[in-house]
Amino acid sequence: MSLCNPLMTILFLLLLCLWQVSCQTVIGADTQQLSFYKQIIHPKFISEGVATGDVNRDGLTDIMAGAYWFEAPDWKPHEIQHPLEFDYTSEWSNSFLNFSMDVDQDGWIDQIVIGFPGQEAFWYRNPQGKDEHWPQFLIDSSACNESPMMVDIDDDGRNDLVFGNESDNTMYWFRSPATPGETSWEKIAISDTGAAGTNRFSHGLGFGDVNRDGRNDIIIRHGWWEAPVNRRDVPWKFHQGDLGEPSSQMYAYDFDADGDMDIISASAHAYGIWWYESNGNANDPSFKTHLIDSSFSQTHGVAFVDMNGDQLPDLVTGKRFFAHNGKDPGGLEPAVLSWIEMSRGQDQKPSWILHQIDNDSGAGLHVVVEDIDKDGILDILNANKKGVIVFWGRIPEE
């Protein structure tokens with residue numbers, strides 16, 4: 001094409017400008033995507049739970065997983081209790097979920113460990129910088145459910161624990177010690193005895209304001225317990241509902257922006273991640289099932305967090321590697337870790353985009369998403385049968 005003709009020159013320059021704008025738009029979209037740097041903190045199977053906290057009060061966030069805490073920034077391991085290693089092909093650990101809080105309010109972060117389903121739950125008191133094993137305290141003799149929760153039940157600003165006990169098949173909440181120096185948790189019933197979702201190996205447990213009365217309710221796949229004004233009132237009213245297959249963590253959110261609360265869950269041992277659309281009846285909702293994704297199985301740990309800063313919550317989940325020693329559906333497929341981006345169209349209906357982060361890590365019993373290194377970008381932390389792994393959030397280079 002000759003550029004001697006002024007008209008052709010103008011046309012060429014116009015096309016060039018349009019091409020540049022198009023390229024800039026694509027590049028701009030790419031820079032909004034998340035990228036991660038993978039770091040293996042510990043390469044062996046020690047826990048399927050993990051937690052964070054400034055264990056030694058040096059201003060840096062440390063990592064706790066099972067019998068160890070790992071000191072930032074070099075992740076030197078320190079023993080919390082006598083360490084054990086487990087054979088991922090045939091064994092399960094004694095550490096299924098981990099949480100952290102200053103239980104006795106002495107100014108030092110402590111560790112909470114939920115063991116194998118149906119066995120004891122303990123908390124371990126930080127020895128305040130001493131190089132010794134942490135003193136152990138019993139929370140309860142039987143922690144059922146496979147996704148016990150740590151949430152603030154009574155709105156006092158301190159987290160509590162929620163799980164069932166198989167000795168009487170009752171759902172309980174455990175009020176964290178209110179007085180400094182106290183070591184015992186108060187055990188308070190939510191349900192009558194013989195309640196659904198309280199057996200050993202029960203799957204599916206969540207927390208959210210289902211009926212939008214300003215109080216967060218307890219959700220299981222069989223329905224939900226309505227939180228009373230006084231959380232000590234027993235039993236909480238139970239509402240029957242069909243919320244799908246055996247699942248992991250469950251969350252309540254108005255996904256379609258129509259004013260009522262919907263539910264989300266993910267299959268613990270098979271394929272499927274779903275959202276359940278409420279019919280709008282706050283006191284007696286029924287739910288329509290919508291599939292989000294079924295490309296990988298065993299989503300036994302799910303975080304619900306705004307990953308990309310668009311004011312909409314996303315999902316972070318992965319395949320629980322060798323959950324049942326490779327015998328579950330898809331059990332021998334790659335141990336992927338992904339985040340699932342939520343967006344809304346003009347009709348306000350949610351849509352989802354799957355972003356795979358890694359194919360050789362997966363997830364454990366839960367996923368921790370927080371800005372561990374305090375650089376303003378969210379990181380992802382897992383502990384499972386492949387070890388303890390951090391995915392450091394990064395801004396892609398232009």
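W123 is buried, and F137 is buried as well. Let us start from these two residues and work through some exercises on this predicted model.

**Exercise 1. How are the rings of W123 and F137 arranged, and which parts of the chain does the pair tie together?**

*Step 1.* Look at the distance: the ring centres of W123 and F137 are 4.7 Å apart. Rings pair if their centres lie within 6.5 Å, so the two rings form a pair.

*Step 2.* Now take the angle. The planes of W123 and F137 stand at 15°, so this pair is stacked.

*Step 3.* Find the two residues in the chain. W123 belongs to strand β8 (residues 121–124) and F137 to strand β9 (residues 136–140), so the pair ties together parts that are 14 residues apart in sequence.

**Exercise 2. Is the pair of Y253 and F304 stacked or edge-to-face?**

*Step 1.* The ring centres of Y253 and F304 are 5.9 Å apart, and their planes are at 75°.

*Step 2.* Planes over 60 degrees apart count as edge-to-face, so Y253 and F304 make an edge-to-face pair.

*Step 3.* Check the surroundings of Y253. Its relative accessibility is 21%, so Y253 counts as partly exposed.

*Step 4.* Finally, widen the view. Y253 and F304 belong to one aromatic cluster, together with Y251, F255, W275 and W352. A search of the whole structure finds 20 aromatic pairs.

**Exercise 3. Where in the chain are the partners of the salt bridge between R175 and D156?**

*Step 1.* Begin with the contact itself: the side chains of R175 and D156 meet at 3.4 Å, N to O.

*Step 2.* Locate each partner. R175 is in strand β12 (residues 170–175), and D156 is in the loop between β10 (149–151) and β11 (160–165). The two are 19 residues apart, and the pair links distant parts of the chain.

*Step 3.* D154 is linked with D156 and R175 in a network of salt bridges.

**Exercise 4. How many residues apart are D373 and R394, and how exposed is each?**

*Step 1.* D373 and R394 meet through their side chains in a salt bridge of 3.8 Å, N to O.

*Step 2.* D373 lies in the loop between β26 (368–370) and β27 (379–384) and R394 in strand β28 (residues 387–394), so the pair ties together parts 21 residues apart in sequence.

*Step 3.* D373 is partly exposed, with a relative accessible area of 32%. R394 counts as partly exposed too, at 35% relative accessibility.

**Exercise 5. What is the phi of W75, and is W75 buried or exposed?**

*Step 1.* Find W75 in the loop between β4 and β5.

*Step 2.* Read the backbone angle: W75 has a positive phi of about 65°, although W75 is not a glycine.

*Step 3.* The relative accessibility of W75 is 9%, so W75 counts as buried.

*Step 4.* Stay in this loop, between β4 (68–71) and β5 (76–79), for P73. A cis peptide bond joins A72 and P73, with omega about 5°.

Notes. Residues are numbered from 1 along each chain as its sequence is written. This is a predicted model: local features need pLDDT of at least 70, side-chain atom pairs count only at pLDDT 80 or more; totals for chains, interfaces and linings use all residues. Side-chain values use heavy atoms; hydrogens and water are left out. Helices (H or I, at least four residues) and strands (E, at least two) are DSSP runs, numbered from the N terminus. Buried means under 20% relative accessible area, exposed over 50%, partly exposed in between (1.4 Å probe, protein chains only). Rings of Phe, Tyr and Trp (its six-membered ring) pair if their centres lie within 6.5 Å; planes under 30 degrees apart count as stacked, over 60 as edge-to-face and the rest as tilted. A salt bridge is a side-chain nitrogen of Lys or Arg within 4 Å of a carboxyl oxygen of Asp or Glu.
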